[in-house]
Amino acid sequence: MAKLSKEEAKQIIDKVLSYASADETEVSVSGGRTGNIRYARNTVNTSGESNTISVAVTSVYGKKSGVATGNELTDEALKRIVEKSEEIAQLAPENPEYMPMLGPQDYPETKNFSQKTADIDPTYRAKAAMDSIEVSNAGNLTAAGYMEDFAGFTAMGNSKGMFGYNQSSSVDFSVTVRTADGTGSGYAIRDFNDVGLLSAKNVTEISAQKAQASINAQAIEPGKYTVILEPTAANDLLRLLAFNMDARSADEGRSFLSKKGGGTRLGEKLFDERVNIYSDPMHPDLPGRPWNNEGLPSEKITWVENGAVKNMFYSRYWADKKGVDPVGRPTGIIFEGGNDSLADMIRNTQRGVLVTRFWYIRAVDPQTLLYTGLTRDGTFYIEDGQIKFPVKNFRFNESPVIMLNNIEAMGKPQRAGGNLIPPMKIRDFTFTSLSDAV
């Protein structure tokens with residue numbers, strides 16, 4: 001594995017800084033092992049593993065900066081990277097929004113690395129694929145899946161004494177299962193830092209069950225329906241809300257958090273009082289990086305509390321301009337849920353639609369956060385507390401802002417797409433047309 005210890009990474013960074021002559025210099029060193037396996041039609045068709053390491057140098061003269069990268073750690077190679085970075089910086093125009101580099105920081109020790117994930121080898125990947133394929137073969141189904149795992153490190157330091165080091169690991173697995181006649185399709189996906197939490201067989205069984213249950217979908221009229229969104233579907237929309245909470249966009253009138261006539265909606269109650277969203281790099285089920293996107297220490301931040309907007313993202317530049325503390329974007333969000341299970345939600349629904357996931361989502365209006373997209377891979381009609389039959393897929397037009405004002409029930413948060421998201425029951429969700437796609 002192309003992995004450096006904290007001490008080795010520090011030595012490389014210090015060496016690079018010793019070669020620098022710019023006003024400010026920042027060095028990032030990262031590397032690791034990435035492996036994958038892919039299969040389709042119940043047959044593995046590709047697999048691979050790569051070990052990479054890279055060095056990036058940012059040089060600054062005044063407000064002019066340049067970046068150069070390389071993947072060799074010899075003294076000569078590191079000197080060339082520094083020289084190229086400084087050459088680019090001297091040729092670059094000034095950046096009027098440039099902020100000076102940070103000094104020493106106190107980064108938390110996050111737990112986003114698992115040795116089990118780092119120990120994954122081709123044999124493990126092959127077995128995971130086979131476990132999934134066997135489920136599909138047993139049901140006369142066709143599976144297509146992909147698993148990717150990563151284990152590595154990132155280190156950064158600069159000429160002002162800042163230094164940080166973090167090991168991380170991740171594994172992502174997704175599988176689509178189709179029926180032999182092509183009329184039924186199911187999908188499931190999981191992501192973890194610790195591969196010990198993943199069972200490719202169990203994930204495929206969920207996808208297979210959905211595929212078999214969705215054969216010969218019937219058409220029902222589009223309109224406003226009570227929907228039950230599984231965590232994957234809920235995440236498809238809620239992540240769009242969470243990562244659009246940018247203060248600058250709000251201040252400049254380009255956001256759903258902009259107030260008519262000027263100002264922002266910070267502090268306003270915009271959602272159901274049960275909505276609580278936060279990020280926490282120390283959360284055991286969703287550990288994050290020790291630093292945010294601008295190199296400041298990551299910390300627990302409440303974004304929405306009891307339906308009211310409590311924080312927005314502030315870049316260092318925009319925070320300085322507004323006279324507030326910077327607030328970085330989180331690497332993952334945690335949406336507090338409730339205690340209802342999916343079965344509870346279905347049992348308590350007179351008429352509604354169960355959605356596995358959305359796809360092909362596109363923005364319609366950023367100022368209302370209106371999106372359009374399609375359901376996919378398992379959409380079912382609910383009547384009198386029971387799933388009655390599969391339905392043809394819908395196109396939707398909906399805003400997560402409106403969605404979070406129409407909550408009827410929520411379940412326990414589950415990991416979905418790098419976030420912790422609960423299943424949700426939402427009333428008056430807008431489906432605008434039908435789609436013949438499976």
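Colleague: Is Lys259 buried, partly exposed or exposed?

Modeller: Lys259 counts as partly exposed, because its relative accessibility is 39%. The cut-offs: buried is under 20% relative accessible area, exposed is over 50%, and partly exposed sits in between, with a 1.4 Å probe and protein chains only.

Colleague: And what does Lys259 form a salt bridge with?

Modeller: With Glu268, where the closest N and O atoms are 3.6 Å apart. A salt bridge here means a side-chain nitrogen of Lys or Arg within 4 Å of a carboxyl oxygen of Asp or Glu. Glu268 is partly exposed too, at 25%.

Colleague: Before we go on, what am I looking at, and how are things counted?

Modeller: It's a predicted model, so local features need pLDDT of at least 70 and side-chain atom pairs count only at pLDDT 80 or more, while totals for chains, interfaces and linings use all residues. Residues are numbered from 1 along each chain as its sequence is written, and side-chain values use heavy atoms, with hydrogens and water left out.

Colleague: What about Asp272, buried or exposed?

Modeller: Buried, because its relative accessible area is 15%. Its side chain meets that of Arg274 in a salt bridge, 3.1 Å from N to O, and Arg274 is partly exposed at 35%. Elsewhere, salt bridges with shared partners link Arg33, Glu49, Arg125 and Asp149 into one network.

Colleague: Arg33, okay. Which residue is its bridge partner in strand 4?

Modeller: Ala151. Strand 1 (residues 24-40) and strand 4 (residues 141-158) pair antiparallel over 14 bridges. Pairing needs at least two DSSP bridges between the strands; strands are DSSP E runs of at least two residues and helices are H or I runs of at least four, numbered from the N terminus.

Colleague: And which way do strand 4 and strand 5 run, parallel or antiparallel?

Modeller: Antiparallel, with 17 bridges joining strand 4 to strand 5 (residues 163-179). Met147, for instance, has Phe173 as its bridge partner in strand 5. The hairpin of these two strands has four residues between them, and Gly161 there takes a positive phi near 95°.

Colleague: Switching topic: why is helix 6 called largely enclosed?

Modeller: Because eleven of the twelve residues of helix 6 (residues 231-242) are buried. Among them are Pro231, Asn235, Asp236 and Leu241.

Colleague: Where does Leu257 sit?

Modeller: In the loop between helix 7 (247-251) and strand 8 (277-279). At 0% relative accessibility, Leu257 counts as buried. Leaving out residues up to four places away in sequence, its contacts (heavy atoms within 4.5 Å) include Met245, Leu270, Val309 and Met312.

Colleague: Versus Lys116, buried or exposed?

Modeller: Exposed, at 54% relative accessibility. Lys116 lies in helix 3 (residues 115-118) and touches Asp194, Val195 and Gly196, again not counting residues up to four places away.

Colleague: Last one: what does UniProt place at residues 133-213?

Modeller: An unreviewed UniProt entry puts "domain: Metalloprotease TldD/E central" there. Those positions use the numbering used here, feature names are shortened, and annotations may be inferred rather than shown by experiment. Over residues 133-213 the chain is 25% helix and 53% strand.

Key. Contact means heavy atoms within 4.5 Å.
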